[in-house]
Each structure stands twice: as structure tokens, then as C-alpha cells.
Amino acid sequence: DTVSRFGGDEFTILCEDICGDDDLTTVAERISSEMSAPFEVQGRRVFVTMSLGIAPSGDAGETPAELLRGADAAMYFAKAAGRSRHAVFDPAMGIRAVKRLELEHSLRRAIEREELRLVYQPQVTLASGAIFGFEALLRWDDPDRGVIPPLDFIPLAEETGLIVPIGEWVLKEACHQARRWREDQPDEPVKVSVNLSVRQLAERSLPSTVQRVLEETGVQPEELWLEITETALMEDPVATFEALANLESLGVGLAIDDFGVGFSSLNRLRQLPPVEVIKIDKVFVDGLQTHPADRAIVAAAISLANALGATTVAEGVETPEQATVLRDLGCELAQGYHFSRPKPPEDFRELMAPGRRRSLSAACGVPRHQRHTHPL
């Protein structure tokens, strides 16, 4: 058999004298088994996972180019199914691969065509109902396909590396908006949260990019929160921790998103640079009133955040009862449809106008005598 490096982190193996799919599966399983053992690299144990795509001649075509396209399509199918899997090409994958390629081409042009936009979801202080900040969320309005859900294009952007330029655009747009809100409310600047992907954290230029954007937009570091999912901490802990330490040195706030679903160890959390925010995942908020275990997990997360000196933000709050329970448990901030759906910044213009007191307390269930005068 012939082994070659195809490019980046992709390798190709040409297997000859194969009698059928069973032989191909055996080879794939043997490769996965051998690669599952840890490697020693400069005194460190490194673990590698692999996704394998298999393209039998005949089914995927006969020419080298056809076989490579088939194997590539099968590999992406395996990656989508989870880590350390393999998949054998079938014609339906070819159709999906073409659609994926078309989507990738459209995404590459989306910034130039100004098809990307940001919407913002308020983060509310549970004790008072006042708006504390906003999370910036990315949307894509494709002229041919309509509104494309984030789950359909953000994973593609991460796989292709497009998330890096897109992420920089998101950071600039969110910071420009934060500056506009500060100009309207100089005495009460709001926090703006921006999500970071693992791919962005792997870029050594990320801290300098963040610093440059802050300088260009005039936003103060303390006005910006950068969010990374708990799962992302597990991808490459050494590189991630180094990136977060460099970002923290700029003075921006760091937030752990989707807390409780990434299975990170307390030891790893202890090794992180100071974390300003812990965001409790919606899956636990949903079960607050029906699953005692979820309520216990939320209470424990709040206690852990307090011990770390971090602020807690509950995500996906949809009912006044959930907001009340969270407030009683000591959660400080919350966001979700109960307060507001993600909206364009102009939809918050009246609420954020100079002299107005930012409040969503009417939705919060705060006692009437504690409410501000301009609920949304």
C-alpha cells in the first residue's frame, strides 16, 4: 500500500488488492487502533484522534481525482458523526459534498457581499432587571438560500478556517456597537460578549488582533467579554490556556460558555487564568423545576463561580419561574427568550437612548416597587 501526506493534517492511503468493503473496514479499524495509543512528544503524552473516509474504486469513480473526492466526502461524513470514526463513500455523500462545497463558496463571499450581520441578546441583572450587557450572535442572510441557521454554517467555517476572518469581523462589529452604546450612556457602559472558536484560539495572532480592534474602536478592555465553550478547553488545553492567559493580560474578561456540558476537570479549571464569567448551559436551566439533579448542578455551579470570584450567567431562561429560582439560588445574570430574543441593535435604540434607564424588569418578575420606569 502507498501512504502519502495529502496536505495539512490529511493523509491518503492507497490500498491495492482489496477484495471488498470488509477488507477496507478492517484496514480502517487497524489504523484507528494503532493511532489511539499516546505518542511521546518532547516529554509529553499526546493523544490523536482520526476520522477516516473510504472510497472504493467503482463506487466513487475510477480516476484518482474521483477517488480522492469520494474519500474526502466520506471523511467529512465521519467527522460529522463524531470522533474516531470511519465511513465508506456512497453516492449520496457526493451530493452532500457538492452542496457543502457550494455553501463554502458562498460563505467565502458573504463578508464581501455584506450578508453577515449581528444580533444581540440582552444579559439581565436578576436582582433588578437592569440590562448588564449583550451577547453578539452571528447571522447569515444568503440572497439565494435565505436565512441560514448558525449550526449549518459555523461548523463549516471552523473546518475551513473561515472562522478566523469571520471572527475578526464579528469582533470589530460588536466593539463598534459597544462604543455606540457607550456614547449614548457614558455613565453606564454595557458589556458586550463575543464568542471565540477553538480555531481562533489556535491563532497566535489572536491577542494582537483583539488589542488592535480595541484600539481602532476605542472600546475599553473591561467592556469586552470573550466567551469560549467548556468543550473547547478540552480540545488543546496547553495551547488554549496560553491563548487565554495572553488575552487576560489585555484586560478583557474571559467567560466559560456552556458550563457543565464539556466534562472538564476541576483541576483544569484551576489552571485557567482568572475567569470573570461562568455561563450555565440551557440544558440545566430547562430542568430547574422538574429535575432535582439539574437544580443541584446549577446551585453547585453558582457556588463554584462564587469561590472562583466569577459572575454567573444563566442561558436559555424562558419562564418567570426559572428566573425566580435562579435569583433565589444566587445567580447574578441571565439571558433568554423570557427577557428578549436576539435582535438587531436598532431594536434596542429606545431602551438604550441617552437618559433612559435600561431595564427589562417587567419580564423579570421583580417586585413592582423595585422596577425601573422603562421596561421593554
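Which residues does Lys279 touch, not counting residues up to four places away in sequence? In this predicted model, select Lys279 together with Gln123, Glu135, Glu227, Ile256, Asp257, Asp258, Phe259, Val313, Glu315 and Gln335, which are the residues it touches once those up to four places away in sequence are left out. Lys279 itself lies in strand 13, which covers residues 277-280, and because its relative accessibility is 1%, under the 20% limit, Lys279 counts as buried. Now show the side chains: that of Lys279 makes a polar contact with the side chain of Glu315 at 3.4 Å, and another with the side chain of Gln335 at 3.0 Å.

Next, select Leu201, Ala202, Arg204, Ala239 and Glu242, which lie nearest the centre of the second largest pocket and are among the 10 residues that line it. The space in this pocket comes to about 160 Å³. If you then colour helix 9 (residues 237-248), you will see the element that supplies the largest share of the lining, 4 residues. By residue class, the lining of this pocket consists of 5 nonpolar, 1 polar and 4 charged residues.

Finally, go to strand 1 (residues 2-7) and strand 2 (residues 10-14), which run antiparallel and are joined by 5 bridges. Select Gly7 and you will find its bridge partner, Glu10, in strand 2. The two strands form a hairpin with 2 residues between them, and in the turn Gly8 has a positive phi of about 60°.

Terms used
Residues numbered from 1 in each chain as written. Predicted model: local features only at pLDDT ≥ 70, side-chain atom pairs only at ≥ 80, totals over all residues. Heavy atoms only, no water. Buried < 20%, exposed > 50% of the residue type's maximum accessible area, 1.4 Å probe, protein only. Polar contact = N/O pair within 3.5 Å; in protein donor to acceptor, adjacent residues only side chain to side chain. Contact = heavy atoms within 4.5 Å. 1 Å grid on protein atoms, 1.4 Å probe; cavity = no way out; pocket = protein on both sides within 12 Å on 5 of 7 lines; lining within 4 Å. Points joined across faces, edges and corners; volume = space filled by probe spheres on them. Nonpolar A, V, L, I, M, F, W, Y, C, P; charged D, E, K, R; others polar. Pairing = 2+ DSSP bridges.
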